Amino acid sequence: AIIVRDAAVGGKDAKELVRFEDMQARSESVRRGSMAEIGYRSTTKAIVFGAERVERINLALRLTNIPAKALAELDQSLRAQEGSELAPEAQQELMLRKMKDFGKRLVQAGATLNIEDFSAAYRGNVASLKGRVTFQKVVDADFDNLAALMKKLVAHFEVRVPVALIKDIGRAVASKSVPPDTPDAAKQIEAGADGLVSFVVGKAVTGGFAVVEKNEL
């Protein structure tokens with residue numbers, strides 16, 4: 001678990017800002033012939049900030065089509081660097097250079113980042129994202145031009161968000177701006193929630209990015 005607190009300079013009382021409950025993470029690497037893949041999965045029972053809770057946060061990633069030789073060479077070079085007597089700045093520069101070279105070899109080999117599960121629940125409703133990211137038709141010159149390289153980026157995502165979740169977020173946001181002693185506070189909060197739903201759903205649907213099926217965006 002991780003708790004983040006805030007206190008005034010010299011003060012004794014520390015106010016809790018956010019709390020991450022029951023975090024777990026696991027990673028693995030698997031070799032498949034001349035290629036390898038790396039998997040990462042993490043779960044968090046809840047992220048708590050004030051009276052709000054976001055629960056069951058899951059993240060599962062898998063990087064495939066990694067040249068096993070490149071991965072082994074990177075591991076060896078990083079281990080060798082740990083025992084070197086280079087100054088911290090020089091070590092950092094060397095590590096960045098190695099990581100850049102490793103990244104170049106990944107892109108050239110057609111490595112793909114698969115987002116197998118990125119999801120979380122708010123007040124019982126679950127939002128999720130799945131997808132994959134890769135590069136296509138990359139040439140050597142692209143690595144010296146970030147803008148050119150990003151144009152070769154190909155990504156596909158599927159996002160699912162219950163309309164009820166958007167409305168719950170709208171209520172939470174609206175309640176912060178409406179004083180609780182306002183005579184029609186509940187009505188104003190509900191109107192604010194409906195406004196957010198109309199804006200988000202309207203923009204996504206009219207822009208051609210989403211459809212609404214069974215009360216899910």
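## Helices and an antiparallel sheet in a predicted model

Helix α4 (residues 163-177) lies across β4, β5 and β6 and runs at about 110° to β6. Helices (H or I, at least four residues) and strands (E, at least two) are DSSP runs numbered from the N terminus. Axes are lines fitted to C-alpha atoms, for helices over the stretch in contact, and angles run from 0 to 180 degrees between N-to-C directions.

The model is predicted: local features need pLDDT of at least 70 and side-chain atom pairs count only at pLDDT 80 or more, whereas totals for chains, interfaces and linings use all residues. Residues are numbered from 1 along each chain as its sequence is written, and side-chain values use heavy atoms, with hydrogens and water left out.

**The sheet**

Seven strands form an open sheet in the order β1-β2-β3-β4-β5-β6-β7, with antiparallel pairing. β1 and β7 (153-160) stand at the edges with a single partner strand each, so one side of each is left without a neighbour in the sheet. On average, neighbouring strands of this sheet are turned by 15° against each other, direction ignored. Helix α2 (residues 88-109) packs on the sheet, where α2 touches β3 (35-49), β4 and β6 (125-135); the direction of α2 makes about 75° with that of β4. Contact means heavy atoms within 4.5 Å.

Two strands pair if DSSP finds at least two bridges between them.

| Strands | Bridges | Bridge partners |
|---|---|---|
| β1 and β2 | five bridges | Ile 3 and Arg 19 |
| β2 and β3 | 13 bridges | Arg 32 and Met 35 |
| β4 (residues 52-67) and β5 (residues 112-122) | nine bridges | Arg 62 and Asn 114 |

β2 and β3 form a hairpin with two residues between them, and Gly 33 in the turn has a positive phi of about 70°.

**Surface and burial along the strands**

A nonpolar patch on the surface is formed by Ile 2, Val 4, Leu 17 and Met 23, which together have about 310 Å² of accessible area. Accessible areas come from the Shrake-Rupley method with a 1.4 Å probe; for residues, only the protein chains shown count as cover. Patches are made of residues with over 30% relative accessible area and no salt bridge, like charges being joined within 9 Å and nonpolar side chains (Val, Leu, Ile, Met, Phe, Trp, Tyr) within 5 Å. A salt bridge is a side-chain nitrogen of Lys or Arg within 4 Å of a carboxyl oxygen of Asp or Glu. β1 (2-6) and β2 (15-32) each supply at least two residues of the nonpolar patch. Ile 2 lies in strand β1 and is partly exposed, with a relative accessible area of 43%.

Ser 42, in strand β3, is buried, with a relative accessible area of 14%. Buried means under 20% relative accessible area, exposed over 50%, and partly exposed in between (1.4 Å probe, protein chains only). Neighbours within four places in sequence left aside, Ser 42 is in contact with Gln 24, Ala 25, Ile 57, Asn 58 and Leu 59.

**Helix α5**

Val 205 lies in helix α5 (residues 185-206) and is partly exposed, at 36% relative accessible area. Val 205 and Ala 185 are 20 residues apart in sequence and 30 Å apart in space, C-alpha to C-alpha. Beyond neighbours within four places in sequence, Val 205 is in contact with Ala 210, Val 211, Val 212 and Leu 217.

Ser 198 also has its place in helix α5 and is exposed, with a relative accessible area of 53%. Ser 198 and Val 163 are 35 residues apart in sequence and 9.9 Å apart in space, C-alpha to C-alpha.
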